[in-house]
Amino acid sequence: MGCIEKTPYEVLLRNASFAECREYQKKHYCELHEVKPGHKIFDVHIIGIPPVYIALDGEDLIFPYTKPCHGTFLLKVRNPEEAAKYRKN
């Protein structure tokens, strides 16, 4: 998957700061996986100010995504295989 736009996703926050994304994840999800800025998911690199989290909720992944010239969004993407990879590690 090379482009987030080609993936069904839900926007949880729009034009959010990295801190706002992190706080939303911590408040709403129990399963958080810390990744380094530059971490690659769905063939895109996640940028941000550490700590950067990927939250899991069942088969959903919740992560910040910055689109140049559009800002940072907190996205929710359903992908059982990718969720399993994070749980395995």
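These legends walk through several close-up views of one predicted model. Being a prediction, the model contributes local features only at pLDDT of at least 70 and side-chain atom pairs only at pLDDT 80 or more, whereas totals for chains, interfaces and linings use all residues. Residues are numbered from 1 along each chain as its sequence is written, and side-chain values use heavy atoms, with hydrogens and water left out.

**View A. The open sheet has five strands in the order β1-β7-β6-β5-β2.**
Pairing here is antiparallel; two strands count as paired if DSSP finds at least two bridges between them. Helices (H or I, at least four residues) and strands (E, at least two) are DSSP runs, numbered from the N terminus. Look to the edges for β1 and β2: each has a single partner strand, so one side of each is left without a neighbour in the sheet. On average, neighbouring strands are turned by 35° against each other, direction ignored. Axes are lines fitted to C-alpha atoms, for helices over the stretch in contact, and angles run from 0 to 180 degrees between N-to-C directions.

**View B. Helix α1 (residues 18-28) lies across β1, β2, β5, β6 and β7.**
The helix runs at about 30° to β7. Cys 21, Arg 22 and Gln 25 are its buried residues, where buried means under 20% relative accessible area, exposed over 50% and partly exposed in between (1.4 Å probe, protein chains only). Seen down the axis of α1, the buried residues fall within an arc of 95°, so they line one face of the helix; the arc is that of the directions from the helix axis to the C-beta atoms. A helix has 3.6 residues a turn, so residues three or four places apart point the same way. The buried residues of α1 pack against β1 (10-13), β2 (31-35), β5 (52-57), β6 (60-67) and β7 (71-78), with contact meaning heavy atoms within 4.5 Å.

**View C. The largest nonpolar core holds 17 residues.**
Such a core is a set of buried Ala, Val, Leu, Ile, Met, Phe, Trp, Tyr and Cys residues joined through side-chain atoms within 4.5 Å. Ile 4, Ile 41, Phe 42, Ile 54, Leu 61, Phe 63 and Tyr 86 touch the most other members. At least two residues of this core come from each of β5, β6, β7 and α2 (80-88). Apart from it lies another core, of seven residues, with Leu 12, Cys 21, Ala 55 and Ile 62 among them.
Zooming in on Phe 63, and not counting residues up to four places away in sequence, you will find contacts that include Ile 4, Gln 25, Ile 41, Phe 42 and Phe 73.

**View D. Strand β6 pairs antiparallel with both β5 and β7.**
Three bridges join β6 to β5, and eight join β6 to β7. Six of the eight residues of β6 are buried, so the strand is largely enclosed by the rest of the structure. Cys 69 is exposed, with a relative accessible area of 85%.

**View E. Asp 60 sits in strand β6 and has a bridge partner, Arg 78, in β7.**
At 6% relative accessibility, Asp 60 counts as buried. Its side chain is joined to that of Arg 78 by a polar contact of 2.9 Å. A polar contact is a pair of N or O atoms within 3.5 Å; within protein, one must be able to donate a hydrogen and the other to accept it, and residues adjacent in sequence count only if both atoms are side-chain atoms. Asp 57 stands opposite Asp 60. Leaving aside neighbours within four places in sequence, Asp 60 is in contact with Ala 55, Lys 76, Val 77 and Arg 78.

In the loop between β1 and α1 lies Asn 15. Pro 51 is found in the loop between β4 (44-45) and β5.
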